[in-house]
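Subject: Structure handover and notes

Hello,

Please find the structure below, followed by my notes on it.

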Amino acid sequence: MRLQPSSSLICIVDIQEKLLPAIPDAHQVIARTKRIITAANTLGIPQILTEQYPEGLGSTPPALSKHLPDAIPKMSFSCCGSESFKNSIPSTTQVVVLCGLETHICISQTTHDLLAEGYGVFLAVDAVASRHEIDHTVALRQLESAGAVLTTTEAILFEWCTSAEHPAFQSIRKLVLDDSFT
């Protein structure tokens, strides 16, 4: 399975202000997620933003939210537990790229549910995280065994382009070289 802009969806899961202080390398998760969002906007790839119990966990940082559609609030750990989320998935979607928090909870449950629904799932491993490394590592191993594709934001961007001849290649290349996304 290869990523194509026309059949991809980006889902940014629960990168919320009150969770971020407990996440090692939260800055990198935000930067790499912003890189994916910027590329998706350049390539016309739809995006969904979710927030887990925003009244308690706060909202998505403005550095991300200002580039995204309004957040879908949810109480279920899986994004698929929200009818609003499921109704927001474009009919052209075949593959969902996930970024966000936490790998072993919301990312994991969402991945399992999306796979069960027949979607391909790509996990941007440099844009997902958990509070504890062991939870993150074990979750990634389980999700790969379940059928998710583990990849990086840089690999995703170049896979969307497929060639240096792609009209957006120079813009995408600049995102990869831009130090503010690392």
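The notes cover an aromatic pair, the helix faces around it and one threonine.

This is a predicted model, in which local features need pLDDT of at least 70 and side-chain atom pairs count only at pLDDT 80 or more, while totals for chains, interfaces and linings use all residues. Residues are numbered from 1 along each chain as its sequence is written, and side-chain values use heavy atoms, with hydrogens and water left out.

Taking rings of Phe, Tyr and Trp (its six-membered ring) as paired if their centres lie within 6.5 Å, the count is one aromatic pair. The ring centres of F158 and F169 are 6.0 Å apart and their planes are at 40°, so the pair is tilted (under 30 degrees is stacked, over 60 edge-to-face, the rest tilted). F158 belongs to helix α7 (residues 153-161) and F169 to helix α8 (residues 169-177), so the pair ties together parts eleven residues apart in sequence. Helices are DSSP runs (H or I, at least four residues), numbered from the N terminus.

F158 is partly exposed at 30% relative accessibility, whereas F169 is buried at 13% (buried is under 20% relative accessible area, exposed over 50%, partly exposed in between; 1.4 Å probe, protein chains only).

In α8, the buried residues are F169, I172, L175 and V176. K174 and L177, on the other side of α8, are exposed. The cover over the buried residues of α8 includes α1 (26-43) and α7.

T153 lies in α7 and is buried, with a relative accessible area of 0%. Leaving aside neighbours within four places in sequence, T153 is in contact (heavy atoms within 4.5 Å) with residues including R35, I36 and D126.

Regards

Methods: Helices (H or I, at least four residues) and strands (E, at least two) are DSSP runs, numbered from the N terminus.
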